[in-house]
Amino acid sequence: MATDQVKGQLDLMLLRVLQDGPGHGYSVITALCQRSEGTFDLPEGTVYPALHRLEETGLLTSDWEAVNGRRRRLYRLTPAGAAALVEGRTRWAHFVFAVESVLAPMTPRLA
Amino acid sequence: MTDDRVGYSPIEEFLDQLLVASVDARPRATRHLLAETEAHLRDAADAAMAAGATSAEAEETAVARFGSVEALVQAEAAGRAIPIAALIRPAVGTTLLIGGLGGLAMGVSALITAVMGFFAGSTFIVNISHHTYLAPTDCARWLSQNHSTHSCYQAALEDWSFEVVAYRAVLGVLGVMALLAYSRLRRRWSARQLTFNLPRSPVDAAAFLVFAGAGVWLAGLGIDALIVSAGRGAGVGLGTAPAMLVLGVVFGRRLISDLRGMPDRVPARV
């Protein structure tokens, strides 16, 4: 269930992880898994199409760098990505508030 | 359970499958995906080995955690697909911009045509013969509304020349409304990081051809009327051509700027 739910918010979480600094795919998905304490244990390959899509839409940019002898693609948040993150967090907060409001136990009506 | 074949590497096997399955993707995208995937799988295998797995077990774990080749290739292909909304938005934006400018040009031509009609008379705007008359009811209506006309011919002339100017003025108003809508949508879509225009070069080329072509054609009609018909009806062409030519020049200059910014050689599809 968590895996299905995370797909709808994957872009937002990727932007948030990369807000802390540039990262390559493996480090991003490791951070995602660690921050969610293992709840979002996605097939690791699914993160790459999402990163590529975000780069295609201008929310991320990437460079190739050699790290520990391996050529890696390092992703960075763009200003447009930072703005999209702020907007996405606001939208998510509203959504969570609305769901919580529905799920919260009903207050007994006073006669 | 690990595969014990000599020289067998789950990571190499996975990368081979990924390469074969990516045959329809852009070559550069495939190269990048393969490089990223290999780096990821080697990192994951290193982490598994650090946790105590053998080399073969570590590679199998890394590949298993990565997911299937099919899912990855499908997700990449879905990311490349252009959603319909992404096509409709720029098409609407470009249509509003070009249509709005065209309408605005027609509005300006209404002004020019009206000025021409004021100084050169209605016959400069419309070319009708003395044998052309309005329907009797229209003629009677016009004669009753405009006391300066004393014949059906004069009434037809005034009526039609008025319509030439009025229809252009209406197009001008519609053009301004289209440009306002374009400006509003552009602000809204820009704020949401959405594209609001089709690629600039083709749009500039099409707009240049349409506006410059229309300008030259209308100027030709006007000059033809000046020469052949002693100026009767020349105002329609000559009144509209300047605004069209101005837009043609604007888009022509943009097109030249586009072409100068292009590389000499178009790179092969990547």
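The following legends describe close-up views of a predicted model.

**View 1. Chain B is built from helices.** The secondary structure of chain B amounts to 9 helices and 0 strands. Read from the N terminus, its elements follow the order α-α-α-α-α-α-α-α-α. Of the 270 residues in this chain, 31% count as buried. Where contacts in chain B link residues at least 6 apart in sequence, 70% of them join residues at least 24 apart.

**View 2. The largest nonpolar core contains 38 residues.** Ala105(B), Phe211(B), Met244(B) and Leu247(B) have the most contacts inside this core. At least two core residues come from each of α5 (84–120), α7 (152–191), α8 (200–228) and α9 (234–261) of chain B. The greatest contribution is that of α5(B), with 11 residues. In general, nonpolar side chains of soluble globular proteins tend to be buried together.

**View 3. Ala105(B) and its contacts.** Leaving aside residues up to four places away in sequence, Ala105(B) touches Ala243(B), Met244(B) and Leu247(B).

View 4. Ala53(B) counts as partly exposed because it has 17 C-beta neighbours inside 10 Å, whereas a buried residue would have 20 or more and an exposed one 12 or fewer. Apart from residues up to four places away in sequence, Ala53(B) touches Ala48(B), Ala58(B) and Thr61(B).

Note on methods: Residues numbered from 1 in each chain as written. Chains lettered and ligands numbered in written order. Predicted model: local features only at pLDDT ≥ 70, side-chain atom pairs only at ≥ 80, totals over all residues. Contact = placed C-beta atoms within 7 Å. Core = buried A, V, L, I, M, F, W, Y, C linked by C-beta atoms within 7 Å. Helix = DSSP H or I, 4+ residues; strand = E, 2+ residues; numbered from the N terminus.
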